[in-house]
Every structure is written in structure tokens, then in C-alpha cells.
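Me: I am new to this structure and would like to learn how to read it one feature at a time. Could you begin with the general idea in each case and then turn to what is found here?

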Amino acid sequence: MIEVESLSKIYRVADKQPGLGGTLQHFMRRRHRDVCAVSNVSFTIARGEMVGFLGANGAGKTTTLKMLCGLIYPSAGQVVVAGHQPQKRHPDFLRRITLVMGQKQQLLWDLPPMDSLRVNAAVYGISDRDAKRRISELSDLLELGEELTRPVRKLSLGQRMKAELLAALLHQPDVLFLDEPTLGLDVNAQARVRKFLADYNQRTGATVLLTSHYMADITALCPRVLLIHQGNLFHDGPLDRLASRLAPERHVRLELAAPVGAEAFAGLGRLDSCCDCEVNLRVQPDELTAVVAQLLDRFEVRDLEVNDPPIDQLIGELFRQGKV
Amino acid sequence: MRIFGLNRKIIRVLLGTEYAHMLEYRAEIALWALSGVLPFIMLSLWNGSDARDALGMDGVGLDRYFLSAFLVRQFSVVWMIYAFEEDALTGRLSPYLLQPLHPLWRYVASHLGEQLTRLPFAAVITAIFFLIQPNAFWLPSFGHFVLAWLATWMAFSIAFLLQSLIASLCFWSEKASALERLLFIPFLFLSGLLAPLTAFPPFVRTLAQWTPFPYLIDFPARVLAEQPVDLLAGFAIQSAWIVLLLPLVLLFWRAGVRRYSAMGA
């Protein structure tokens with residue numbers, strides 16, 4: 001459904017120094033520099049897949065999404081989405097895709113969402129009867145009711161986001177590009193949007209490419225993730241493989257019957273913390289069984305937990321350390 | 001059949017929605033309508049001036065000309081550049097670009113919705129004008145009214161295309177509104193808003209006739225006021241400007257969209 005080959009995007013940006021001197025210099029002789037937002041990225045996404053797109057701010061996620069939906073032209077490379085070259089923006093292509101951007105809206109601010117939905121139905125050539133049925137189905141799934149007849153400016157952020165999703169999905173697109181669809185929503189609203197997206201994918205078999213800062217969105221929805229950093233694709237595969245690739249160690253948390261000194265854990269993995277009776281260790285997976293056996297043997301253990309490290313923490317840490 | 005994505009149903013729904021949208025701003029639009037009284041100010045200035053005879057119109061003719069100029073302006077005012085610039089800079093243009101309807105139609109619908117909202121305010125101002133100047137009262141014949149409506153609509157089309165052409169420069173310069181200010185001065189003087197074109201020296205008149213400006217106010221106002229005007233030449237030149245500007249706008253638009261960086265989105 002989505003084929004991306006050696007995709008690159010270079011932006012030309014003005015380079016201005018701060019202060020009056022910089023302003024005058026910028027006025028007299030404007031300087032520009034090229035910024036490579038996406039560099040030589042390749043991947044394919046099959047019909048019906050839900051794929052998470054991860055990366056720090058400025059990594060190139062949104063630029064890639066904009067190229068995939070045809071909003072901006074690539075500087076190099078090939079993109080085919082639903083059998084079309086997105087940048088040509090053929091009407092048949094536009095009828096098959098949608099782009100939802102977390103904080104940007106297509107709904108008319110001063111009118112109820114229903115007015116924007118009527119316009120969208122007309123633009124996409126949906127009959128009145130079908131539009132009514134689809135609005136009813138989608139609003140049930142999204143738990144939207146009288147909000148559809150209230151001016152958009154009077155809606156909460158969560159209600160607005162759900163109405164945006166309804167507007168974006170009214171024409172039943174085959175491919176969904178979702179850029180931070182849960183940004184700024186409270187935990188309950190995030191969960192509802194996630195559930196809705198999972199249901200929509202199951203019901204329609206739509207292909208979904210999703211970026212999010214909330215790892216919960218990715219873990220709940222996307223069996224496969226793409227990790228992009230400084231415009232380059234760093235990982236393409238299952239989320240758990242990314243976790244093991246980023247951090248091969250497992251987290252072991254112990255609760256002991258009595259406090260023990262940190263030196264007692266020498267040779268039993270990497271000690272993260274040792275405070276009163278609670279101890280946190282990081283252990284290589286192939287040593288895990290032996291280490292756990294030794295811990296149970298040497299200490300009076302009240303509780304023991306083995307976990308994978310939280311992926312968002314890992315990615316954040318790796319980006320901070322520049323290991324990616 | 002769709003013309004750049006547009007069909008009859010879209011026209012109906014889009015116009016209805018944009019009218020509802022503009023009604024939300026009715027107080028603001030009433031003020032805009034009031035702020036369009038420049039022709040009345042110019043009328044009082046010309047009436048008090050010794051130079052009035054040079055216009056080739058009697059008192060009633062001048063009253064009718066400036067009232068017509070006011071009405072034509074009310075229904076041909078275009079603010080495309082400002083709306084487009086804001087949408088392009090804030091990223092609001094992005095969802096419009098991803099729908100199977102040319103985004104320019106949305107701006108056309110906004111303008112037409114606003115014109116409908118202006119209608120009652122323009123009618124009230126006209127009624128007040130006739131109360132103050134009862135001698136100037138006239139009802140144009142049906143034929144003249146239809147021709148005046150057509151000329152005003154074509155004036156709107158020229159102004160819209162001209163502004164769309166400048167607005168599409170946003171894809172390159174990001175601040176196309178500065179260019180609009182350059183256009184405003186010749187528009188003010190050569191359109192007939194400050195004075196009928198007959199007030200200008202012959203060489204300025206000849207020069208003006210090679211620009212689109214006299215066909216934005218002066219020509220439709222004269223048609224509405226039932227004053228002597230070459231109808232065939234006027235409509236032919238209006239049509240020529242539309243035929244010239246339309247492909248230019250589409251060409252600039254197509255080239256500009258390639259440069260769009262979807263800022264703010």
C-alpha cells in the first residue's frame with residue numbers, strides 16, 4: 001500500500017544572526033542554508049498494517065508524512081501510496097487518504113462540526129443518506145453526540161480532536177496518516193481515540209501510519225515501528241525487537257526482607273539503585289536465569305519482578321546520549 | 001461533472017456553509033459595509049467643489065454614480081490575499097490541498113457568503129441615501145439591472161483573480177500582502193472610486209483603460225446608474241482580463257504548490 005524508496009527532503013532555510021547587526025546583514029545579503037530533513041529513507045507498508053513512526057522532535061517524522069500524503073514534494077526518491085504518486089495529488093488518490101495533524105484543524109472554528117461534515121460529504125461525493133449513516137456510525141464509535149451541533153470553538157480539546165477524526169474519516173480512506181492524534185488529550189481521551197483507531201483498522205482494513213510522542217499509543221496500536229533520527233531510518237521492525245536492540249538488558253526489581261549493602265550485588269548485573277529493602281538491577285538476558293537463582297539463594301526475597309525497560313525512556317535516553 | 005472538483009451540490013453546500021459562517025461575523029461585516037462609504041465622502045467633496053462641472057455630470061448624475069460605485073464596491077470587494085496568506089502561513093491550507101476540490105473554490109465561496117451577508121446593510125445604507133437625496137432616486141430597468149449585476153460579478157472575478165495571482169506569490173515570498181498595497185494606490189485612483197474616470201486628463205484615461213482598474217468600479221457603476229457607456233467594449237475588456245488572468249493564476253498556483261512547505265502544519 002505504501003512504498004518508499006530512497007526518499008529525501010532538503011529544505012532551504014534563511015540563516016539570520018540575532019540582534020540589529022544580524023538583521024541588517026540579513027536585509028543586505030540574505031544567507032540560506034540547506035537542511036536535510038529526511039535522508040534516503042526506504043520502507044514498505046502492506047495493506048491493513050498499523051505502523052508507528054517514532055523519533056525525537058525534528059527527526060523528520062512529520063516531513064515524511066507530508067511527503068507520503070502529497071502535501072510537499074520530495075527532493076529525491078520515489079513514493080507510491082495506494083498506487084499513486086502522492087505529489088500529483090490526483091483526485092482518486094486524495095479520496096483514498098487522509099491526514100490528521102494533532103493541533104491543526106480542518107473544522108470551521110465558528111460553526112458546529114456538522115457544517116464542516118456536510119461540506120466534506122459534498123466534496124468527497126458522498127450521498128446524503130450515506131453521509132448520515134457514516135456520521136452516525138463514526139460518532140457512536142467516537143462517543144460524539146450533541147457536540148456535533150455545538151460550535152467548534154465551544155468544544156474541549158478532546159471533543160475537537162474526535163470531531164476532527166470524524167471529519168477526516170468520513171470518506172472512508174484506505175490510508176490514514178496520523179500525526180500526533182492524541183497530543184494534548186487527557187489520559188481517558190487518549191485511550192478512547194486509541195480504541196477508536198484500533199476498531200477502525202479492524203473494521204475497514206485501513207493502513208495506518210501513526211506518529212506519537214506517547215509511547216502508549218504506539219504499544220497499544222502498532223506491532224511494527226519505524227524509528228527515524230536526524231532524517232535517517234534507524235529501525236524498521238517489531239517494537240519488542242527495537243527494545244532489545246536499544247537495550248538488551250532486563251530490569252530486575254527486588255524487595256528484600258532486610259536491608260543489604262550495595263557491595264553484596266557485585267557480579268550480579270548492573271546495580272541501578274539500592275535503597276533500604278528495594279534493589280534495582282539490570283541483567284543481560286542470557287544471564288537472567290542464573291542471576292535470579294543466585295539472588296533467591298543469597299537473599300531473603302519478599303518480591304521479585306523482571307521487566308523490559310520502558311521504551312520511551314530508552315529512546316529518550318539514547319537520543320540524549322547520541323547513541324542512535 | 002466537476003470543474004476543478006466543483007459540482008452543483010458542492011456549490012450549494014459550500015455557499016450555505018460559508019453564508020452561515022459569515023453570519024457569525026455579521027457585526028463585523030456591518031462595520032465593513034459602513035467603512036465602504038468612501039464614495040459618499042467623495043460625492044460630498046465633488047458637490048462642494050468648483051471642479052464638478054469637469055466631470056460632465058449634473059448633480060443627480062453624480063449622486064447616482066457614487067451610490068452605484070458604493071454598491072458595486074460592496075459586492076466586488078476581495079480580501080483573498082490576506083485570507084490566503086494567513087492560511088498558508090498557519091498551515092490551514094494543508095487540509096484544503098488534500099481534498100479533491102481546488103482550494104480556490106473555498107475562497108470564492110467565502111467571498112460570496114460575505115456578499116450575501118452585506119446585502120441587508122447595503123440596502124439600509126442605500127435607503128438612507130435616498131431619504132437624504134430624494135431627487136437621486138431611481139430604479140434601473142430590469143435589463144440594466146441584469147447588465148449591472150453581470151458587470152459587477154465580472155469585476156469581482158477580475159479582482160479575485162488579480163488577488164489570487166498575488167496571493168500565489170505566498171508560495172515564494174510568504175508575505176504577499178505587501179504587494180497588495182502596491183496595487184491599492186492605482187486601484188484607488190483609476191477604478192473610479194475617488195472620481196469618475198471622466199475627471200482625469202485624456203492621457204491618464206487612455207492609460208487607465210489598458211489596466212483592469214476602470215472595469216472594477218467605473219464601468220459597472222455607470223451601467224447601474226444608467227449612464228452613457230460602451231457596453232460591448234466594457235464587457236469585452238472585462239472578459240479579456242478574465243481570460244488572461246485565469247490561466248496565469250492556475251499556472252502560478254501549480255508552480256507554487258510544488259514549493260509549498262506546509263509551514264505550521
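Reply: Let us begin with burial, where a residue is buried if 20 or more other C-beta atoms lie within 10 Å of its own, exposed if 12 or fewer, and partly exposed in between, with C-beta atoms placed from the backbone. A nonpolar core is then a set of buried Ala, Val, Leu, Ile, Met, Phe, Trp, Tyr and Cys residues joined through C-beta atoms within 7 Å. This is a predicted model, in which local features need pLDDT of at least 70 and side-chain atom pairs count only at pLDDT 80 or more, while totals for chains, interfaces and linings use all residues. Residues are numbered from 1 along each chain as its sequence is written, and chains are lettered from A and ligands numbered from 1 in the order in which they are written.

Me: Which residues have the most contacts inside the largest nonpolar core?

Reply: In soluble globular proteins, nonpolar side chains tend to be buried together. Here the largest nonpolar core has 130 residues, and Phe177(A) and Leu209(A) are those with the most contacts inside it. Helix α8 of chain B, residues 142-167, gives the largest share of this core, 14 residues; helices (H or I, at least four residues) and strands (E, at least two) are DSSP runs, numbered from the N terminus.

Me: With which residues is Leu209(A) in contact, leaving aside its neighbours within four places in sequence?

Reply: Two residues are in contact if their C-beta atoms, placed from the backbone, lie within 7 Å. With those neighbours left aside, Leu209(A) is in contact with Ile2(A), Ile45(A), Val51(A), Phe53(A), Leu65(A), Leu68(A) and Phe177(A).

Me: Which strands pair with β3(A)?

Reply: Two strands pair if DSSP finds at least two bridges between them. β3(A) pairs in the parallel sense with β7(A), residues 207-211, over 4 bridges, and Phe53(A) stands opposite Thr211(A) in β7(A). β3(A) also runs parallel to β8(A), residues 224-229, to which 4 bridges join it, with Leu54(A) opposite Leu227(A) in β8(A).

Me: How should I read the contact between the two chains, and how many residues does each supply?

Reply: The contact takes 23 residues from chain A and 22 residues from chain B. On the side of chain A that touches chain B, α3 (91-94), β5 (97-101) and α4 (113-123) of chain A each supply at least two residues, and the largest share, 5 residues, comes from α4(A). Sorted by class, this side has 15 nonpolar, 2 polar and 6 charged residues, where Ala, Val, Leu, Ile, Met, Phe, Trp, Tyr, Cys and Pro count as nonpolar, Asp, Glu, Lys and Arg as charged, and the others, Gly among them, as polar.

Me: Where does Ser261(B) lie, and is Ser261(B) buried or exposed?

Reply: Ser261(B) lies in the segment after α13 (231-257) of chain B, and because 20 C-beta neighbours are inside 10 Å, Ser261(B) counts as buried. Leaving aside its neighbours within four places in sequence, Ser261(B) is in contact with Tyr11(A) and Ile72(A).

Me: Which residue other than glycine has a positive phi of about 50°?

Reply: That residue is Gln172(A), which is not a glycine and has a positive phi of about 50°. Gln172(A) lies in the loop between α6 (157-169) and β6 (175-179) of chain A, and with 17 C-beta neighbours inside 10 Å it counts as partly exposed.

Me: How is chain A divided into domains?

Reply: Domain bounds come from an automatic or database domain assignment. Chain A is divided into domain 1 (45-244) and domain 2 (249-307), and the centres of these two domains, taken over C-alpha atoms, are separated by 43 Å.
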